[in-house]
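Take a walk through this model, one contact at a time.

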Amino acid sequence: AILPAVLADSATVWPALLALGRNRDLSRTVRQGALSWLGRELDRISAEAGRRASAALVTLAGDAEETLSIRQQAVSVLARNQRADLAALTQMAAGTDTWLRQAAVQALANSGDPRARTFLRTALGDPTLPDKLRVTVIRGLGGQYATARDLELLRSRYAALTSTEARRAIISAVGEQGGTTNLQWLHGIAADPTSPPELRSQATESAQRAGASS
């Protein structure tokens, strides 16, 4: 019944979709479906209604009594809609709830929203960021929405990182993007006798995947 409801012309359905998403007596599938459709509705409703819906999603995402799948769905909806409160998502990413922080950072890493990209660039330089989250940030910066600026930032931050996993993530991201500048940087890592052997090996393999000749 959700599908014809959201397709109906001039119908205001977002409050009902939100109610379905909050209803713990319903199955997870129905609730997730309702929240997913709510995300689509955010682009059509008024700014005030969007703020109200966004605030409700923030509350749902932060509810420790709620199931993780529903919290994850709420975070995903917040991350992929221009009308959603992305500022609230960045606050979650800097909070103390370990699960919510990881989910928020992952959602921001998957987003092409310029505001999310700004957050990731800033987070990369945060010395207090846990290694696991830093790796997520690096993969987000070097992923499908990566720009030349992002790749330059990753390359420039490599030497300052002490985490092997973070360095490996940068090597992998740079290798996936390819290009002359990135290949030269990978060659430099591979040829550096002071670099750990496993990182030199990965740089060599990444350069090969990026199109380097033998």
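**Rings, charges and helices**

The charged end of Arg40 sits over the ring of Trp37, 4.8 Å from its centre. A charge sits over a ring if NZ of Lys or CZ of Arg is within 6 Å of the ring centre and within 35 degrees of the ring normal. This is a predicted model, where local features need pLDDT of at least 70, side-chain atom pairs count only at pLDDT 80 or more, and totals for chains, interfaces and linings use all residues. Residues are numbered from 1 along each chain as its sequence is written, and side-chain values use heavy atoms, without hydrogens and water.

Arg167 places its charged end over another ring, that of Tyr158, 4.8 Å from the centre. Tyr158 also takes part in an aromatic pair. The rings of Phe, Tyr and Trp (its six-membered ring) pair if their centres lie within 6.5 Å; planes under 30 degrees apart count as stacked, over 60 as edge-to-face and the rest as tilted. By this rule there is one aromatic pair. Its members are Tyr158 and Trp185, edge-to-face, at 5.1 Å centre to centre with 90° between the planes. The pair links distant parts of the chain, 27 residues apart. Tyr158 is in the loop between helix H10 (148–157) and helix H11 (164–177), while Trp185 is in helix H12 (residues 180–191). Helices here are DSSP runs (H or I, at least four residues), numbered from the N terminus.

Are these two residues buried or exposed? Tyr158 is buried, with a relative accessible area of 5%. Trp185 has 16% and so counts as buried. Buried means under 20% relative accessible area, exposed over 50%, and partly exposed in between (1.4 Å probe, protein chains only).

Now follow H11 to its partner, helix H13 (residues 197–209). The two axes come within 8 Å and cross at roughly 15°. Axes are lines fitted to C-alpha atoms, for helices over the stretch in contact, and angles run from 0 to 180 degrees between N-to-C directions. H11 and H13 are therefore roughly parallel to each other. Angles under 35 degrees count as roughly parallel, over 145 as roughly antiparallel, 65 to 115 as roughly perpendicular and the rest as oblique. The crossing of H11 and H13 is right-handed. A crossing is right-handed if the near helix is turned clockwise from the far one by less than a right angle, and left-handed if anticlockwise. On the H11 side, the contact (heavy atoms within 4.5 Å) includes Arg167, Ile171 and Gly175. On the H13 side it includes Leu199, Gln202 and Ser206.

Next comes helix H9 (residues 131–141). Helix H8 (residues 114–124) packs on H9 at an angle of about 135°, with the axes 9 Å apart. That makes H8 oblique to H9. Their crossing is left-handed. Arg117, Leu120, Arg121, Ala123 and Leu124 in H8 meet Arg134, Val137, Ile138, Gly140 and Leu141 in H9.

H9 is mostly covered, with eight of its 11 residues buried. Among them are Leu133, Val135 and Thr136. The buried residues of H9 pack against helix H7 (98–109), H8, H10 and H11. Which residues does Thr136 touch, not counting those up to four places away in sequence? They are Gln102, Val105, Gln106 and Ala109. At 7% relative accessibility, Thr136 counts as buried.

Finish at helix H1 (residues 2–7), where Leu3 is found. Leu3 is partly exposed, with a relative accessible area of 44%. Leu3 and Ala53 are 50 residues apart in sequence and 19 Å apart in space, C-alpha to C-alpha.

Note on methods: Helices (H or I, at least four residues) and strands (E, at least two) are DSSP runs, numbered from the N terminus.
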